[in-house]
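Hello,

Here is the structure I promised to pass on. Please look it over, then read my notes below.

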Amino acid sequence: MDKTFYINTRKRVAEKLPDNSMMILFAGKDIRESEDQSYEFCINRNFYYLTGVNEQNDIFVMIKNNNELKSMMFINEYDELFAKWNGRKMFKEEVEDLSGIENILYLKDFNDFLNENKDKYSIYMDTKPNLFTEPLGEEAKLVEEHNLEVIDCHDLIALCRMEKQPEEIEEIKKAIAVTSKGIKALMENIKPGLYEYQVESYFDQQIKFNGASGIAFKTIAASGANGCILHYHTNNTIINDNELVLFDLGAEYNLYKSDITRTIPANGKFTERQKLIYNIVLNGQKLVFENIKPGITVMELNQILIDYYKIELKKIGLIERDEEVSKYYFHGVSHHLGLDTHDVAIRKNPLTPGCIITVEPGLYIAEEGIGIRIEDDALVTSDGAINLSKEIIKEVSDIENYMAKHNK
């Protein structure tokens, strides 16, 4: 995205920051995986949201003083040996061009800067959800070494991240479009007798081939009763004939996520029982979509779904009492989506235009080996919602017809 986006984002966050305050955010560090390598680096999303820089060790500082805003970055110095082995870090000019931050110093200058300024301002840092409980966290070390009193800024930034800007919406649309290609590959190649991970591999190939920066989260490819395990991702079971396979997956595009779930029949045809349960879930999703609007909360949307299930599950004899719904549906119907799959949000706050949430009703009947979830990504508008993933088919007839025509 253009640096103008990050300049404007800092202004939006600064509007919520009290005067005479200093915000400090860390990019994060490599975490060692083994003797040979580190885990793939994962940038602090709040740091990235305000800078656009995706590089280890950097520190971002924003000062609001007399209602004037000053942003600074402390970055790695050039290391010739590191550059030869791993590639060089960004130069000052590159950081400025990407972020729009003009005041850029080196990391060796940070402690002196902090000592000179820590008593002048109220200090804000990201202390949620577990930065102070993880061993040797940078925030905790800084507080201890400099005897700082800090105020948490996590929710302050979350309020801004909840309302997506046009540039962010476009990135999520790109992630969804790539995910759609991966889901088509699944439907075209799935068959009984394959392992779940073998089918999963078709998704991975397609999204990488079409420009995804990675997967949004560990793919769930859950056949039969595995579909009743909410976060199943071992994906190592043979897929049997007449089973449904629940795919909960998403591509990442420039760190922005998609999150889609489709449940498809391994042999291309739903049984009558599977079709019955599937359509209850699908109609529940449509009902939730109809109720999305500014002013409603995700918790209220979930209750709408639960009330619907109370009626429908009694009709088919699956439950007798209202409280039995929780045996077959035991998660929320929505979460916010953005730079994180479960994006930062204040769940009790009403939805506003610009929020992007998932809509993911499910039913999990373990005793029948049926796990069904259908998930799309919704953009809240001034008068309702737009289904950003509406092009990914989900009607029973559409799925069966597509697989009959394209499955190999």
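**Salt bridges and a helix pair**

Glu360 and Arg373 form a salt bridge, with 3.9 Å between the closest N and O atoms. The two residues sit in distant parts of the chain, 13 residues apart. Glu360 is in the loop between strand E13 (356-359) and strand E14 (362-365). Arg373 belongs to strand E15 (residues 370-373). Both Glu360 and Arg373 are buried.

Please keep in mind that this is a predicted model.

How many salt bridges are there in total? The count comes to 22.

Take Glu252 and Arg45. They form a salt bridge, and their closest N and O atoms are 3.9 Å apart. Glu252 lies in strand E10 (residues 251-253) and Arg45 in helix H2 (residues 45-51), so this pair ties together parts 207 residues apart in sequence. Are these two buried or exposed? Glu252 has a relative accessible area of 9%, so it counts as buried. Arg45 is at 10% relative accessibility and is buried as well. The cut-off for buried is under 20%.

Next, Lys286 and Glu395. Their side chains meet in a salt bridge at 2.8 Å, N to O. Lys286 is in helix H10 (residues 272-291), while Glu395 is in the loop between strand E17 (385-387) and helix H13 (396-406). The pair therefore ties together parts that are 109 residues apart in sequence. Lys286 is partly exposed, at 34% relative accessibility. Glu395 is partly exposed too, with a relative accessible area of 29%.

There is also a network of salt bridges. It links Arg161, Lys164, Asp340 and Asp343.

Now back to H10, the helix that holds Lys286. How does H10 pass helix H11 (residues 298-315), and at roughly what angle? The two axes come within 10 Å and cross at roughly 145 degrees. The crossing is right-handed. On the H10 side, the contact is made by Asn279, Ile280, Val281, Asn283, Gly284, Leu287, Val288 and Asn291. H11 contributes Leu301, Ile304, Leu305, Tyr308, Tyr309 and Glu312. By class, the contact of H10 with H11 has nine nonpolar, four polar and one charged residues.

Best wishes

Conventions:
Residues numbered from 1 in each chain as written. Predicted model: local features only at pLDDT ≥ 70, side-chain atom pairs only at ≥ 80, totals over all residues. Heavy atoms only, no water. Salt bridge = Lys/Arg side-chain N within 4 Å of Asp/Glu carboxyl O. Helix = DSSP H or I, 4+ residues; strand = E, 2+ residues; numbered from the N terminus. Buried < 20%, exposed > 50% of the residue type's maximum accessible area, 1.4 Å probe, protein only. Axes fitted to C-alpha atoms, helices over the stretch in contact; angles between N-to-C directions. Left-handed = near helix turned anticlockwise from the far one by under 90°. Contact = heavy atoms within 4.5 Å. Nonpolar A, V, L, I, M, F, W, Y, C, P; charged D, E, K, R; others polar.
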